[in-house]
Structures are given as structure tokens and as C-alpha cells.
Amino acid sequence: MALDLSALTKYVDEEKLPLIRKSLLEGRTVSMINIQPGIKHSATIKQFATSVLLEAGACGFNSTDATSVTQKVITVCPLQSAESICPRDMEEYILGKRMSPGSYPTDLKPIEGIYAEEKAALNQQAIELISWRGDTVAGTGNLALCDGFLKISNDEGNFITSGTGAITSATVIDDVNAMVALIPVDIVSMTTKTIFVGYDVYNLYTQALVNANLFHYAPTDGPDYTYQVPGSDVKIVAVRGLNGTGEMFLTYTENMYMGTDLANDAESFNIWYSQDNDEVRYKASFKIGFQIAYNDFVVRHTA
């Protein structure tokens with residue numbers, strides 16, 4: 001009689017395959033802009049402006065100059081995520097071999113490192129997407145929780161439009177150059193002028209430079225998805241938050257703000273064992289909000 005093994009599950013040596021953390025594009029925007037901490041609900045960005053109007057010297061006093069102080073408000077959005085896990089659920093699988101001895105598991109030892117790392121990365125990714133595409137009116141899911149730069153800029157409406165519609169391999173170089181040409185004279189000397197684009201548009205642009213062979217572009221010139229627009233001091237930077245939007249957004253980085261309560265709130269979270277619930281719990285809580293100080297110093301190619 002032949003050996004009948006049909007009732008058994010075929011063995012898979014899972015211990016030979018380490019848990020591999022899913023590769024995620026890191027959020028870049030927050031690391032490049034102003035962070036305004038200490039905001040529980042809302043705070044203001046003070047805007048100072050003064051003028052000098054010269055005239056021929058003469059006796060007397062003629063007040064011709066003007067000074068104003070205005071403000072914009074950053075309102076933060078309180079956000080959180082939470083999860084509960086029963087450690088016993090791992091006991092029947094290969095993960096059980098890595099658990100602490102005993103019938104009262106109180107931690108996520110087999111996956112705790114990758115679990116914490118992945119949660120941190122996903123929080124970062126969510127903030128990156130909200131920072132650009134958040135829309136409390138038309139957004140869905142995470143994007144409905146707080147307004148991002150595109151919505152804030154659209155609501156104010158006085159930005160400079162360099163073009164509209166689809167960006168293609170045939171137009172992308174001209175589209176970028178058109179933005180640079182429209183930089184307001186008041187910020188020409190700023191050293192942090194940046195065109196923010198999605199990774200899709202960035203790749204389209206750099207490939208177009210290669211194909212055109214106009215600027216001897218080499219892939220090694222921009223290994224971190226940052227490249228200086230030829231003939232200018234403007235950087236073009238790829239950010240995940242603009243992927244698939246067809247938007248290009250140019251300003252100096254000091255013009256962009258993120259408000260929060262604690263500067264490192266979004267980098268920390270709690271994982272603990274709840275004896276009352278007999279489960280491991282995770283919770284992250286933080287506040288974020290975004291604002292543009294001067295929308296008239298923004299140049300955009302809109303979708």
C-alpha cells in the first residue's frame with residue numbers, strides 16, 4: 001500500500017524566510033518645510049510688510065510709507081490610529097516558536113520590531129499624502145481628515161498659474177521652464193526655491209532631458225529624486241504626496257508651514273499589554289495642520 005499523505009499540509013520552512021518590511025517611499029515634504037510646534041488647536045503666522053517711497057528732500061514731514069502686520073491661521077487636525085492584537089493568535093503558527101514561554105503571552109515578540117517599524121512608516125506616509133492632497137470637503141479616507149497644500153492654495157486662489165492640463169514627455173521640459181520663468185521677482189533671490197512634483201512627473205522630466213540630450217543629464221545627477229533645473233537655481237523634488245495628481249507646485253520652502261502640538265508626536269506611539277483586555281494594544285495620536293504664508297508667491301501647473 002502506498003503512503004497516503006493527502007491529509008497533511010505540505011511543509012513550508014517559514015523560518016528560512018524572514019519577515020520583510022514592505023518597501024515604502026518615505027515622506028519628504030515635512031522635512032523640508034517650517035514646523036510650528038505647540039499648537040493645541042490653532043495659531044497664527046504673522047506677516048509683516050512695509051514700503052519705502054522716496055521723494056525729493058524738503059523741509060517738513062510727509063508720511064508716504066506704509067507698514068502692515070497681517071496673519072494667517074494654522075488649525076491643526078487631531079488624528080489617531082489604533083489596533084488590538086491577541087498574542088495567542090500566533091501560537092498555532094511558526095511564529096509561536098519565537099514567543100516567550102508560558103500561557104500568558106504579553107508581547108508581540110515574534111513581530112514586534114517589524115510591527116513598530118511598519119507602523120512608523122505608515123504614519124509617515126499618511127502625513128505625506130495629507131500634506132498635499134488632504135481635502136476636508138472632497139477627500140475620502142485619510143485625505144478627508146485635514147486640508148493639504150493644494151486645497152489651501154485653491155481656496156485662497158491668488159497663486160500664479162503657469163499652465164494647466166496633462167504633462168507629457170513632449171511638454172514636460174517646457175512646462176518646468178514656464179514655471180521658472182514666472183517666479184515672482186520678490187523671491188528670485190531666495191535660495192530654497194523648489195518645484196514639488198510627483199515621482200511620476202519627476203521621472204518623466206528626467207527621461208525627457210536624457211532624450212533631448214540638451215543638458216547632458218546623467219542619472220547620477222539626481223539619485224535622491226532631487227535635481228537642479230538646468231540654467232537656474234531652482235530644484236525639482238519628487239514627493240509621494242503629488243503622485244498621480246498632475247500638479248507641479250513651486251515656491252520657496254520657508255513659505256510652507258506644518259503645525260503640530262509636539263514636533264515628534266507623529267514619530268512616536270504606544271504599544272502596551274492591557275491586562276484587563278488580555279491583548280496587546282497600539283495607539284498613535286498626533287496633531288497636524290498646514291498653511292501657506294504667501295500664496296501669491298506660489299507658481300503652479302494645475303491638473
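Q: What pLDDT does the chain average?
A: This is a predicted model, in which local features need pLDDT of at least 70 and side-chain atom pairs count only at pLDDT 80 or more, while totals for chains, interfaces and linings use all residues. Residues are numbered from 1 along each chain as its sequence is written, and side-chain values use heavy atoms, with hydrogens and water left out. With pLDDT being the predictor's confidence in each residue, from 0 to 100, 86% of the residues score at least 70, and the chain averages 85.

Q: Are α3 and α4 roughly parallel or roughly perpendicular to each other?
A: Helix α3 (residues 172–181) and helix α4 (residues 199–212) have axes 9 Å apart and pack at an angle of about 110°, where axes are lines fitted to C-alpha atoms, for helices over the stretch in contact, and angles run from 0 to 180 degrees between N-to-C directions. Helices here are DSSP runs (H or I, at least four residues), numbered from the N terminus. Since angles of 65 to 115 degrees count as roughly perpendicular, α3 and α4 are therefore roughly perpendicular.

Q: Which residues in α4 do V172, I173 and V176 in α3 meet?
A: Contact means heavy atoms within 4.5 Å. On this basis, V172, I173 and V176 in α3 meet V201, L204, Y205, A208, L209 and A212 in α4.

Q: Which element gives the largest share of the lining of the second largest pocket?
A: The second largest pocket is lined by 13 residues, where lining residues have an atom within 4 Å of a point on a 1 Å grid. The largest share, 6 residues, comes from α1.

Terms used: Helices (H or I, at least four residues) and strands (E, at least two) are DSSP runs, numbered from the N terminus. Angles under 35 degrees count as roughly parallel, over 145 as roughly antiparallel, 65 to 115 as roughly perpendicular and the rest as oblique. On a 1 Å grid over the protein atoms alone, a cavity is a set of points where a 1.4 Å probe fits but cannot get out, and a pocket is an open set with protein on both sides within 12 Å along at least five of seven lines; lining residues have an atom within 4 Å of a point.
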